[in-house]
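Here are a few exercises to work through with the model open. Try each task before you read its solution.

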Amino acid sequence: MNEINKDIKIHIGLLIMFGLALILSLIRPKSYFIWFLEAAPILIEVIILVITYKKFQFTTFTYILIFFQIILMLIGAHYTYEEVPLFNWIKEAYGLHRNDYDRFGHFFQGFISAFIIRELLIRKLKLKKGAILSILIVCICLSISASYELIEWGTAMILGQSADAFLGLQGDKWDTHWDMLWALIGCIIAVFMFHNIHDKYMDKLEKIKHKI
């Protein structure tokens, strides 16, 4: 019971920190319009997690990863993905052609989504662990990445030039392909290199549930 209370406190703490980060990201962003476009998926995700919390709780490991992903997205929402200061410095220091914060973000989009999908498939749908499951997770994560790119394309088609900063192409005609590739790489690394760590947290959660 103490372990459950400890986890709940951590989850509440993450939710409070999310609220603070959300407020900070709203203070003088580069564009409130772009902020809304970037932050809308975050708000939807958090609302879904809160509503479904009593029916299905992810491991604390996964919630911490989700929080990290949200912070990355809020930073992109505040500055826009092509103007994040640290990556502008990296761009200038190494003579790069673009700000690669979006590549960084898409890598973690794939990496973190893999654990979310993996946990749902194993704990909710009771699928067996193994190569087939890993391949299925990779396929789902890649489809999520492709779907997000389609949403961006649809938004750009509707809004026109006002959505340029939302797309963040930075003159790269292959930007969409690179985004999906980095998400795929992140997903593959998560599934095939960090699955044992994830299993430990899921096993720990199941043991706690059986003790109740």
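**Exercise 1: the nonpolar patch**

H8 gives the largest share of the nonpolar patch, 3 residues. This is a predicted model, where local features need pLDDT of at least 70, side-chain atom pairs count only at pLDDT 80 or more, and totals for chains, interfaces and linings use all residues. Residues are numbered from 1 along each chain as its sequence is written, and side-chain values use heavy atoms, with hydrogens and water left out.

Task: find which residues make the nonpolar surface patch, and which elements give two or more residues to it.

Solution. Start with the residues: Ile 188, Phe 192, Met 193, Phe 194, Ile 197 and Tyr 201 make a patch of about 560 Å². Next, the elements giving two or more are helix H8 (175–193) and helix H9 (195–211). (Helices are DSSP runs of H or I, at least four residues, numbered from the N terminus.) Patch members have over 30% relative accessible area and no salt bridge, and nonpolar side chains are joined within 5 Å.

**Exercise 2: a helix pair**

Task: how do H2 and H3 pack?

Solution. Helix H2 (residues 32–51) and helix H3 (residues 60–79) pack at about 160 degrees, axes 8 Å apart. H2 is therefore roughly antiparallel to H3 (angles over 145 degrees count as such).

How values were computed. Patches are made of residues with over 30% relative accessible area and no salt bridge: like charges are joined within 9 Å, nonpolar side chains (Val, Leu, Ile, Met, Phe, Trp, Tyr) within 5 Å. Accessible areas come from the Shrake-Rupley method with a 1.4 Å probe; for residues, only the protein chains shown count as cover. A salt bridge is a side-chain nitrogen of Lys or Arg within 4 Å of a carboxyl oxygen of Asp or Glu. Axes are lines fitted to C-alpha atoms, for helices over the stretch in contact, and angles run from 0 to 180 degrees between N-to-C directions. Angles under 35 degrees count as roughly parallel, over 145 as roughly antiparallel, 65 to 115 as roughly perpendicular and the rest as oblique.
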